[in-house]
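Have the sequence and the 3D view open as you read.

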Amino acid sequence: MGKPYSVLVVDDHPLLRRGICQLITSDSDFTLFGETGTGLEALTAVAENEPDIILLDLNMKGMSGLDTLNAMRQEGVTARIVILTVSDAKQDVTRLLRAGADGYLLKDTEPDLLLEQLKKAMLGHRVISDEVEAYLYELKNTVDDNSWIGNLTPRELQILQELAEGKSNRMISEDLHISEGTVKVHVKNLLRKAHAKSRTEMAVRYLNN
């Protein structure tokens, strides 16, 4: 594997946050981008530079995980955002996945499995804890019109194919010899054209096309 994936941990419980950070740094495939205790701090942390993955708690004081997720997607954050929560409520799962989360994992997940799921998320898969996976069928009825794919420029299509392979903005910029900023602009345009909230949703629809 190339460079390790960078992870930002967002959780308002200091003890748990420290445990997650230690778990992340125990695996050489990951590096800790940073840790924050509030959604507001998380938004500041990704303003200049993005990690590969944002591990986001749902029930936080102040800005909730959903508020934070919505704000990040509105700001054009293209990192993979995986929710890590105690809530297995159906409405939470469907609401967050619709809002553009790339995964929904429960906090009682075994540590090794959590690391495995994060690696899967980096390969472009949507990662969901088994206990809440059944709720995904609720989402299947959402728009699945793939006519947008035919309206892409050759460069956008090239980037979409790279996204579908689970590559990060950095990897795409190296592959295509363009700047990471240019890749980000293309990803934003692709998300707009696809009416998709996250790169994972877009990749899944492209692969199922």
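## Helix α4 and what follows

Which residue follows α4, and what is its phi? The residue is glycine 100, and its phi is positive, near 110°. Keep in mind as you look around that this is a predicted model.

Helix α4 itself covers residues 90–98. Its buried residues are Asp92, Val93, Thr94, Leu96 and Leu97.

UniProt lists residues 6–122 as "domain: Response regulatory", in an unreviewed entry.

You will find aspartate 57 in the loop between β3 and α3. Is aspartate 57 buried or exposed? Its relative accessible area is 4%, and because buried means under 20%, aspartate 57 counts as buried.

## Salt bridges across the chain

How many salt bridges does a search of the whole structure find? The search finds 13. One of them joins lysine 61 to aspartate 12, with the closest N and O atoms 3.7 Å apart. Lysine 61 sits in the loop between β3 (53–56) and α3 (65–74), while aspartate 12 sits in the loop between β1 (5–10) and α1 (14–25), so this pair ties together parts that are 49 residues apart in sequence. Lysine 61 is exposed at 67% relative accessibility, whereas aspartate 12 is partly exposed at 22%.

Next, take a look at aspartate 29 and lysine 119, whose salt bridge has its closest N and O atoms 3.2 Å apart. Aspartate 29 belongs to the loop between α1 and β2 (30–36) and lysine 119 to helix α5, so the pair ties together parts 90 residues apart in sequence. Lysine 119 is partly exposed, with a relative accessible area of 27%.

Lysine 184 and glutamate 50 meet through their side chains in a salt bridge of 2.6 Å, N to O. This pair links distant parts of the chain, 134 residues apart: lysine 184 is in helix α9 (residues 180–194), and glutamate 50 is in the loop between α2 (39–45) and β3. The two partners fall into separate accessibility classes: lysine 184 is partly exposed at 25%, while glutamate 50 is buried at 16%.

Salt bridges can also share partners, and here they join Glu162, Glu165, Lys167 and Asp175 into one network.

Which residues form a negative surface patch? They are Asp88, Asp108, Glu110, Asp112, Glu116, Asp130, Glu131 and Glu133.

Aspartate 108 is a handy one to locate, in the loop between β5 (103–106) and α5 (111–122). Its relative accessible area is 60%, and since exposed means over 50%, aspartate 108 is classed as exposed.

## Methionine 171 and lysine 3

Finally, turn to methionine 171, which is found in helix α8 (residues 169–176). How far apart are methionine 171 and lysine 3, in sequence and in space? They are 168 residues apart in sequence and 9.4 Å apart in space, C-alpha to C-alpha. Methionine 171 has a relative accessibility of 30% and counts as partly exposed, because that class lies between under 20% for buried and over 50% for exposed.

Note on methods
Residues numbered from 1 in each chain as written. Predicted model: local features only at pLDDT ≥ 70, side-chain atom pairs only at ≥ 80, totals over all residues. Heavy atoms only, no water. Patch = residues over 30% accessible without salt bridge, like charges linked within 9 Å, V, L, I, M, F, W, Y side chains within 5 Å. Areas by Shrake-Rupley, 256 points an atom, 1.4 Å probe, with all protein chains shown as cover. Salt bridge = Lys/Arg side-chain N within 4 Å of Asp/Glu carboxyl O. Lys, Arg positive; Asp, Glu negative; His and termini not counted. Charge placed at Lys NZ, Arg CZ, Asp CG, Glu CD. Helix = DSSP H or I, 4+ residues; strand = E, 2+ residues; numbered from the N terminus. Buried < 20%, exposed > 50% of the residue type's maximum accessible area, 1.4 Å probe, protein only. UniProt positions renumbered as here; feature names shortened; annotations may be inferred.
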